[in-house]
Amino acid sequence: MGLWAKSLLIFNSIRENGTQSLRELARRTGVSKSNVHRHLQAIDRRDHYPESGLWETPEGRNWLIRLVVATLFIFGLKRGVGAETISEFFSRLHLEAQVGCSPSALRSLIHMLERTIVETAAAWEQEGIDHGEIRTDHRGGG
């Protein structure tokens, strides 16, 4: 089970059953007491703002991923906005505890996104060629 999945299990158990001892949370979730303790500490560190609980839910996490990818794509790749500015934007949205918001972390994500886009485009192009959907150049060439 992944890190976020464990955290979600613990968060949901607290939301559904209220405050519980470490032992009870471990029993309900099947996660060790020490692991429960570490996840509770992490949840507490992330819980700085009223909206923080939203990011602990699957819907909130998916929306947050969509926000980050869309921001990096539109502003970082398409518009050339620097990682420092995007980092400041995420910080002003109080996302620094949820997302790696440092300029270097964002640069890494931008490069990963760029590679993924190029790889996806190449795969789609190959798939089109494999199915005989060869594009012709409408500018007078072949």
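How many residues apart are glutamate 24 and arginine 28 in helix H2, and about how many helical turns separate them? They are 4 residues apart, so about one helical turn lies between them. Please keep in mind that this is a predicted model.

**Salt bridges**

Let's stay with helix H2 for a moment. The side chains of glutamate 24 and arginine 28 meet in a salt bridge, at 3.0 Å from N to O. Glutamate 24 also forms a salt bridge with arginine 27, with an N to O distance of 2.7 Å. Arginine 27 and glutamate 24 both belong to helix H2, which covers residues 22-29, and their spacing of 3 residues is again about one turn of the helix. Taken together, Glu24, Arg27 and Arg28 are linked in a network of salt bridges.

The structure holds 4 salt bridges. Another of them joins the side chains of arginine 107 and glutamate 84, at 2.4 Å from N to O. This pair links distant parts of the chain, since arginine 107 sits in helix H6 and glutamate 84 in helix H5, 23 residues apart. Arginine 107 counts as partly exposed at 36% relative accessibility, and glutamate 84 counts as partly exposed at 47%.

| Salt bridge | N to O distance |
|---|---|
| Arginine 27 and glutamate 24 | 2.7 Å |
| Glutamate 24 and arginine 28 | 3.0 Å |
| Arginine 107 and glutamate 84 | 2.4 Å |

**The largest pocket**

If you are thinking about where space is found in this model, the largest pocket holds about 500 Å³. It is lined by 22 residues, and those closest to its centre are Arg61, Leu64, Ile65, Gln98 and Val99. Which helices each supply at least two residues of this lining? They are helix H1 (3-17), helix H3 (33-46), helix H4 (58-78) and helix H6 (103-130). Helix H4 gives the most, with 6 residues. Sorted by class, the lining has 14 nonpolar, 4 polar and 4 charged residues.

**A nonpolar patch on the surface**

Phe73, Ile74, Phe75 and Ile117 form a nonpolar patch on the surface, and together they have about 300 Å² of accessible area. The largest share of this patch, 3 residues, comes from H4. Isoleucine 117, by contrast, lies in helix H6. With 35% relative accessibility, isoleucine 117 counts as partly exposed.

**Two more places to look at**

Where is histidine 94 located? Its place is in the loop between helix H5 (83-92) and H6. Although histidine 94 is not a glycine, it has a positive phi of about 65 degrees. Is this residue buried, partly exposed or exposed? At 30% relative accessibility, histidine 94 counts as partly exposed, because that class lies between the buried limit of under 20% and the exposed limit of over 50%.

Finally, take a look at alanine 5, which lies in helix H1. Alanine 5 is partly exposed, with a relative accessible area of 31%. In sequence, alanine 5 and proline 58 are 53 residues apart, while their C-alpha atoms are 9.3 Å apart in space.

Technical notes
Residues are numbered from 1 along each chain as its sequence is written. This is a predicted model: local features need pLDDT of at least 70, side-chain atom pairs count only at pLDDT 80 or more; totals for chains, interfaces and linings use all residues. Side-chain values use heavy atoms; hydrogens and water are left out. On a 1 Å grid over the protein atoms alone, a cavity is a set of points where a 1.4 Å probe fits but cannot get out, and a pocket is an open set with protein on both sides within 12 Å along at least five of seven lines; lining residues have an atom within 4 Å of a point. Grid points are joined across faces, edges and corners, and a volume is the space filled by probe spheres set on the points. Ala, Val, Leu, Ile, Met, Phe, Trp, Tyr, Cys and Pro count as nonpolar, Asp, Glu, Lys and Arg as charged, and the others, Gly among them, as polar. Patches are made of residues with over 30% relative accessible area and no salt bridge: like charges are joined within 9 Å, nonpolar side chains (Val, Leu, Ile, Met, Phe, Trp, Tyr) within 5 Å. Accessible areas come from the Shrake-Rupley method with a 1.4 Å probe; for residues, only the protein chains shown count as cover. Buried means under 20% relative accessible area, exposed over 50%, partly exposed in between (1.4 Å probe, protein chains only).
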